[in-house]
Amino acid sequence: MADYNKPIPSPDPYVTQPFWDGAKEGKLMLPRCTSCNRVHWYPRILCPHCHSSSIEWFEASGEGFIHTYAVQNRAFGGWADETPYATAYIDLKEGDRMFTALRGVDAENPESIKIGAKVKIEFDQADEDTYVPYWRVVE
Amino acid sequence: MPSNPSMSAAIVAAAESDQIGYIEEGTTALNLHIEAIRNVCAEAGISPAEIEGIFATNHANMLAEYLGIHPKYIDTTAVGGCSFQMHVHHAMAAINAGIIDIAVVSHGEAGYSARKNQGKGTLRGGGGDPWLPSAQFGGGIYGNWGAPSNYAHALTRHMHQWGSTKEDFANIAVATREWATLNPRAVMHSKDTHPAGGPITVQDVLDSRMIVWPLNLLDICLVTDHGGAVLVASAEKARSFKTSPVWIAGAGENQSHQDMLEMGDFTATSALASGEQAYRMAGMGPGDMEMAMIYDSFTVTAGITAEMLGLTPRGEGPSLWADGNASPGGKFPVNTNGGGLSFSHSGMYGMMLLIEAYRQLSGTAEDGVHGLPGKQTSAQSAIVNGTGGSLSVTGTLVLTADV
Amino acid sequence: MPSNPSMSAAIVAAAESDKIGYIEEGTTALNLHIEAIRNVCAEAGISPTEIEGVFATNHANMLAEYLGIHPKYIDTTSVGGCSFQMHVHHALAAINAGVIDIAVVSHGEAGFSARKNQGNGTLRGGGGDPWTPAAQFGGGPYGAWGPPSYYAHALTRHMHQWGSTKEDFANIAVVTREWAGLNPRAVMHSKETNKFGGPITVQDVLDSRMIVWPLNLLDICLVTDHGGAVLLASAEKARSFKTPPVWIAGAGENQSHADMLEMDDFTATSAHASSEAAYRMAGMGPGDMEMAMIYDSFTVTAGITAEMLGLTPRGEGPSLWADGNASPGGKFPVNTNGGGLSFSHSGMYGMMLLIEAYRQLSGTAEDGVHGIEGKQTSAQSAVVNGTGGLLSVTGTLVLTSDV
């Protein structure tokens, strides 16, 4: 953790805390609207689909699929040491989409990465309280 | 002739955030906005999705995204505490013009909490609101450093979804460079203007440095200095200047998302909606257009936009540039100044689109300074589309020559 | 009924800055703007002062000030590279509504030079453009830290020029606090809401901590958290909501300067011009107004604005509040929510003016949450004025009840 040299997100104490609390325990917590039963990402104080304010958090499977990706050949700060590395948008099994840096891929060969490939979430401890989510290709 | 807009619009509801004043447990500007909009819609008895115009000094794009609104009018005018009176003024004009029927003017400002929270994350995040969704879950955490990092994901998806190729998009850069060679003010006009200037091939694009796969250096616009201005005048006054008018036959704007996290289809933009709006106002369609000025921050931006504007079938955007169709002497000139790819692009390129469209349609497209012939076309109508954010927001104009 | 604005405006000229591209000797965004506007006006054969509307993503207020323009319409919408297409869209609506006849859409962006100049002054200046006139010659180098530092100069001059007194202005704070006493959501409603809440006297104001002479603490607004929103709708739809409409009879905006360096008469603001435009659109005058919501960032802001809106003779602004005239039960209610001085003020107060004006004119001004009676007046018309910047920019609305 002391050597985490990349930008560290600032957990928002008003809305997103349950996600970050879950991350600490290695769980993917997602918000779901209890009115229309749909999952949304990023977390909100009202549902983007039906605008209800009844939102609950639940533990998700932590599984998803690559929607699209790119390989970053240029980067700054701590990420400069990692180039080239792949970033991707992940279609969550439960619905909606997250952004991430991909693991378990060969970024030197961009064409070897497959849209639709199955991925699983994992968390890196960045500081005492913050665990940053990453997704790894598992097939 | 303009008519007095007095009484053409009304304020129909007003509401505040759940809490106001000194909120000891703290809050964010975004939450204050969202609460207020939720409350004002509840009072009026409408869904936020019915809102067509968004007026806010901060977070305007985020509000639309957060609430799932695709606004036909966005105004982020921020000139201090009077901005809200001006928003009402602006909204009235937009309503009076029939562009929108329902607008929200929203305010969210954590004057007290922001002071209290100073240093609490603000510094870690490096300025700005560290608690915005995109700051917590967007690209910055994973090293994204700017537009290329984001836009590359759209090209990957386009190739996957529509079977397009790197070569198809590279050809957009090639055709655009051809136009640059006819524009002596273009940065990439020739070896005289820049060591890397002059004509290029598809292979040159593919061989240029890989910046963010699948975007090579030559798929990406320049970063230059640029100033530009256009004058817009009423129909009554339009012919009273030394210069000739180019008419605004149609105009439209729209937003599909702000952060790419919320982009539904990575191969489509709100140019579909803003283009439709502009065509409808003009009473014209894609088939009536004789040239196009299309935002080309990246080859993928231009390619996708061509589809959205109805200039090609879906999935075949780059075909607009194929076989010399959009090149000098071709049937449908596109980006006749040399584009953001080869002319000049200071970061926000939309002004350059306007200037070149004006010059083409007013017959003044030869370079005034150098007087070289070649880039003036015979087009009498143009579709002009700007794209902002991460393929997020678009503005489309249909312009016509004076007859 | 709105009519199609197609062809109601034209782009009549287009021009660039003197140099574009990679400007090796360097430049600033402001210079690029100014060159482009000078050039476009020269091409069209007009003076920049003929421009009535200014549209720019950056430096808009400064451009107007720099060129001596007093714009009737300012739009600083900034949503990325498509902003300029949207500016044309917005200008079309404003022209179609008869608000302006000539607008400039301007762009200045030193994409190349800003990169090159990184650390060259930027860091010394502490972020932002270190080379704007205000940054070099304005208050910063002399320790001015915010609006109070500047606004105080206006009060000094008012007392000198018109023979007004600290007591005259202090009374504005006293009367405004009376209204806060009727608004349970006001921060300074009572000792229960804040230990400094409840009624105050002129002496209390004069005895409160001196912040920037001649402004005492109680001459200065609060800094709170606040969210608010109003919905606007077209005349056709205005009566289709659960809530009643309040009509926008008139609207206007204007700017006299951006930095106080360029403020000519320190006892006058552009509210004179913006209210004239609003009254003219409404076909009404100050004598037709039954109440006012006036921006009170400071007692001096409110006092001067009362004069500008024609509610008192010149030099006698504070007299509007004298003898209980503007107090609860008085003949001409002002700032019935308790104002930025005693209700809530998050930094940009204009939204709170709108919400309270809507509530007064729709008969819903009693606090919805607490149900305490007293602040609802019988007014059927209101003048609403916001002030932004350093007494720089103003927006004025004339609102009327539904009858």
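Select chain C and colour it by burial: of its 403 residues, 62% count as buried. The model is a predicted one, and every value quoted on this tour is computed from it. Switching to a cartoon view of chain C shows 13 helices and eleven strands. The radius of gyration of this chain is 22 Å, close to the 22 Å that the globule rule gives for 403 residues, so chain C is as compact as a globular protein of that length. Turned along its principal axes, the C-alpha trace of chain C spans about 65 × 55 × 35 Å. Of the contacts in chain C with a separation of 6 or more, 69% are made by residues 24 or more positions apart.

Remain in chain C and select C:I69. This residue sits in the loop that runs between α2 (60–67) and β3 (73–75) of chain C. Is C:I69 buried or exposed? C:I69 counts as buried because 21 C-beta neighbours lie inside 10 Å, the cut-off for burial being 20 or more. Display its surroundings next: leaving aside residues up to four places away in sequence, C:I69 touches C:P48, C:T49, C:I51, C:V54 and C:A64.

Now show chain B beside chain C. Two pairs of chains are in contact, and chains B and C share the most contacts. How many residues of chain B are in contact with chain C? There are 128, and they meet 128 residues of chain C. On the chain B side, select helix α3 (residues 83–96), which gives the most to the side touching chain C, with 13 residues. Coloured by class, that side of chain B has 67 nonpolar, 48 polar and 13 charged residues.

Strands also join these two chains. Select strand β8 (residues 246–255) of chain B together with strand β1 (residues 9–16) of chain C: the two pair in the antiparallel sense over two bridges. To locate one bridge, pick B:V246, whose partner in β1(C) is C:I11.

The domain assignment gives domain 1 (29–137) and domain 2 (205–401) of chain B. Their C-alpha centres lie 28 Å apart. Where the domains meet, eleven residues of domain 1 of chain B are in contact with 15 residues of domain 2 of chain B. On the domain 1 side, the elements giving two or more residues are α2 (60–67), β3 (73–75) and α6 (133–137) of chain B. By class, the domain 1 side has six nonpolar, three polar and two charged residues.

Finally, select chain A. In chain A, one helix and seven strands are present, and from the N terminus on they run α-β-β-β-β-β-β-β. The radius of gyration of chain A is 16 Å, close to the 14 Å that the globule rule gives for 139 residues, so chain A is as compact as a globular protein of that length. Its C-alpha trace spans about 45 × 35 × 20 Å along the principal axes. Of the 139 residues of chain A, 41% count as buried. Bring chain C back to end the tour: no contact joins chain A and chain C, and their closest C-alpha atoms lie 14 Å apart.

Note on methods
Residues are numbered from 1 along each chain as its sequence is written. Chains are lettered from A and ligands numbered from 1 in the order in which they are written. This is a predicted model: local features need pLDDT of at least 70, side-chain atom pairs count only at pLDDT 80 or more; totals for chains, interfaces and linings use all residues. Helices (H or I, at least four residues) and strands (E, at least two) are DSSP runs, numbered from the N terminus. The radius of gyration is taken over C-alpha atoms; the globule rule is 2.2 Å times the number of residues to the power 0.38. A residue is buried if 20 or more other C-beta atoms lie within 10 Å of its own, exposed if 12 or fewer, and partly exposed in between; C-beta atoms are placed from the backbone. Two residues are in contact if their C-beta atoms, placed from the backbone, lie within 7 Å. Ala, Val, Leu, Ile, Met, Phe, Trp, Tyr, Cys and Pro count as nonpolar, Asp, Glu, Lys and Arg as charged, and the others, Gly among them, as polar. Two strands pair if DSSP finds at least two bridges between them. Domain bounds come from an automatic or database domain assignment.
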